[in-house]
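I opened my notebook to look up a few residues and the sheet around them. Here is what I went through.

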Amino acid sequence: MEKFDTKTLPEKLAALPAWTLADNQLAIHRDFVFADFVQAFAFMSAVAITSEKRNHHPEWSNVYNKVQVRWTTHDAGGLTQKDIDMAQFCDTIAQGFGHAPV
């Protein structure tokens with residue numbers, strides 16, 4: 001999969017207003033906050049299962065009810081449609097786990 005060029009990025013990211021483009025324009029990231037650790041872990045589990053099925057895995061961290069997620073396609077050297085798709089999946093699935101917008 002080819003990475004997006006810098007001219008394509010604004011159009012692709014328009015559908016992801018809560019995500020931030022990294023300064024180097026090679027990744028997107030977002031913080032999620034949940035009611036508690038169980039909800040945060042349930043969100044991570046759902047993302048992990050889908051990531052494994054799609055063979056596309058996040059860079060992430062978790063502290064109690066907070067989950068930081070970063071998407072990039074290492075093989076392509078930047079952002080691809082895989083990252084956009086997984087970010088959209090995260091946005092959708094987070095609602096079912098009590099995500100509180102940051």
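Is Asn65 buried or exposed? I found Asn65 buried, at 11% relative accessibility (buried means under 20% relative accessible area, exposed over 50%, partly exposed in between, with a 1.4 Å probe and protein chains only).

I noted that this is a predicted model, where local features need pLDDT of at least 70, side-chain atom pairs count only at pLDDT 80 or more, and totals for chains, interfaces and linings use all residues. Residues are numbered from 1 along each chain as its sequence is written, and side-chain values use heavy atoms, with hydrogens and water left out.

**Asn65.** I placed Asn65 in the loop between strand 3 and strand 4 (strands are DSSP runs of E, at least two residues; helices are runs of H or I, at least four; both are numbered from the N terminus). Its side chain reaches the backbone oxygen of Phe34 at 2.8 Å. Beyond neighbours within four places in sequence, Asn65 contacts residues including Phe32, Asp36 and Ala40 (contact means heavy atoms within 4.5 Å).

The open sheet has 4 strands in the order 1-2-4-3, with antiparallel pairing (two strands pair if DSSP finds at least two bridges between them). Strand 1 (20-21) and strand 3 (59-63) are at the edges with a single partner strand each, so one side of each has no neighbour in the sheet. Strand 3 is joined to strand 4 (residues 66-71) by 5 bridges. Glu59 has Arg70 as its bridge partner in strand 4.

**Gln88.** I found Gln88 in helix 3. Gln88 is partly exposed, at 32% relative accessible area. Gln88 and Leu16 are 72 residues apart in sequence, yet 7.1 Å apart in space, C-alpha to C-alpha.

How values were computed. Polar contact = N/O pair within 3.5 Å; in protein donor to acceptor, adjacent residues only side chain to side chain.
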